[in-house]
Amino acid sequence: MPTKKLFLLFILIIGATLLSGCEEIEANSAPKASKTCPGKDAKFSIDFFKTNNQGKKNQRGINNVIIFNPKSAKLDFKVNVGLSHKLYAKDARGKLRKEYVPKQFRELIGDENAKLNAQLPIAAINADYIGTDDKPQGLNVSRGVEYSGAFKTKRSSFGISGGTPSQRQATIQAGRRKSDILNYNLVGGNGRFYRQGKFKDICQDLGEFACKNAKNRSMAAITNQGYVILLVNDLKANSDIELSQLNQELLPDMFDNVLEGIASNNCLGKIQEGILFDGGMSPGLYYNQKTYVENLGPIGSVFLIYKK
């Protein structure tokens with residue numbers, strides 16, 4: 001090949017190499033799209049993930065977590081309890097029927113009473129304690145209809161108000177709320193460890209067994225920005241767990257670390273209120289057609305979330 005042609009070919013190769021290098025530098029220097037933090041996303045509705053006890057996401061974490069925005073127009077809510085008949089049914093005299101039967105978590109999230117507008121829930125968590133008479137013990141209200149027990153005025157409950165999505169409000173409080181709109185979907189609990197932003201180690205309140213022996217936990221928390229965190233910590237979860245010092249069963253003095261970590265890492269604000277649901281043989285958590293935690297004990301009530 002003549003020298004002149006070789007020189008021209010060399011120039012073309014050098015030019016192509018330089019152009020490719022420039023394009024690569026430009027591509028690498030271009031800003032990469034980053035995931036929006038849920039609390040900063042106006043369209044955020046609901047999410048599930050697992051964390052360690054610092055609230056950091058971990059695929060082998062022991063904490064199964066659902067976070068959601070009660071004001072999302074994509075969501076709706078309902079409460080279910082163990083009944084031998086249809087929810088909201090009345091007798092011949094027009095009186096509300098309340099014939100309780102023991103039901104497990106899978107039944108309460110999958111039976112006809114679990115449906116809202118013919119749809120089963122996208123997410124669910126166990127809630128109230130159950131008595132020997134199969135009746136829930138605390139304050140339970142399903143879409144304005146009450147199914148409560150002897151401790152309904154003494155124990156705190158968690159709930160989402162009625163109204164339009166933009167009006168919805170999450171609350172944790174003892175007894176019925178003063179405003180009727182707040183008494184729309186409520187589930188009983190026991191063991192309030194956050195009040196108005198102040199954390200309390202409730203180990204002594206729970207007693208020795210519930211504090212140090214029955215250590216699988218089910219809880220709800222509300223942030224000052226109105227977001228809700230539902231969390232179940234259970235070694236018997238239906239997923240892979242890697243135990244470590246930062247990934248283990250929760251004692252009451254650890255509740256604030258994991259919840260504050262979750263709130264901070266997801267831009268949800270500061271934890272304002274927190275409550276335990278029934279532990280022991282009761283914890284259950286369901287999300288998007290998968291049951292992550294399920295125990296064999298009967299459940300007093302379940303809190304259900306639906307996607308419109």
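User: Which pattern do the disulfides of the protein chain follow, with bonded cysteines counted along the chain?

Analyst: A disulfide is a pair of cysteine sulfur atoms within 2.5 Å. In this structure the disulfides follow the pattern 1-4, 2-3, with bonded cysteines counted along the chain. The structure holds two disulfides. Please note that this is a predicted model, in which local features need pLDDT of at least 70 and side-chain atom pairs count only at pLDDT 80 or more, while totals for chains, interfaces and linings use all residues. Residues are numbered from 1 along each chain as its sequence is written, and side-chain values use heavy atoms, with hydrogens and water left out.

User: Which parts of the chain does the pair C37 and C267 link?

Analyst: C37 and C267 form a disulfide with their sulfur atoms 2.1 Å apart. This pair links distant parts of the chain, 230 residues apart: C37 lies in the loop between α1 (3-29) and β1, and C267 in the loop between α5 and β14 (271-276). Such helices (H or I, at least four residues) and strands (E, at least two) are DSSP runs, numbered from the N terminus. The torsion about the S-S bond of C37 and C267 is about 100°, so this disulfide is right-handed.

User: Is the disulfide of C203 and C211 right-handed or left-handed?

Analyst: C203 is joined to C211 by a disulfide with an S to S distance of 1.8 Å. The torsion about its S-S bond is about -90°, so the disulfide is left-handed.

User: Are C203 and C211 buried or partly exposed?

Analyst: Buried means under 20% relative accessible area, exposed means over 50%, and partly exposed lies in between (1.4 Å probe, protein chains only). C203, with a relative accessible area of 21%, is partly exposed. C211 counts as buried, at 1% relative accessibility.

User: How many salt bridges does a search of the whole structure find?

Analyst: Side chains of opposite charge can pair when their charged atoms come close. A salt bridge is a side-chain nitrogen of Lys or Arg within 4 Å of a carboxyl oxygen of Asp or Glu. A search of the whole structure finds 13 salt bridges. One of them is formed by R60 and D240, whose closest N and O atoms are 2.8 Å apart. R60 lies in the loop between β1 (46-51) and β2 (63-68), and D240 in the loop between β13 (228-233) and α5 (255-265), so the pair ties together parts that are 180 residues apart in sequence.

User: With which residue does R176 form a salt bridge?

Analyst: R176 forms a salt bridge with E146, and the closest N and O atoms are 2.8 Å apart. R176 lies in the loop between β8 (170-174) and β9 (185-188) and E146 in strand β6 (residues 145-146), so the pair ties together parts that are 30 residues apart in sequence. R176 is partly exposed, with a relative accessible area of 44%, whereas E146 is buried at 18%. Elsewhere, salt bridges that share partners join R60, D240 and E242 into one network.

User: Why is strand β3 largely enclosed by the rest of the structure?

Analyst: In a regular strand the side chains alternate between the two faces of the sheet. Seven of the seven residues of β3 (residues 75-81) are buried, so this strand is largely enclosed by the rest of the structure. L75, F77, V79 and V81 are buried on one side, and D76, K78 and N80 are buried on the other.

User: How many bridges pair β3 with β17?

Analyst: Two strands pair if DSSP finds at least two bridges between them. β3 and β17 (residues 301-307) pair in the antiparallel sense over seven bridges. Within this pairing, L75 stands opposite K307.
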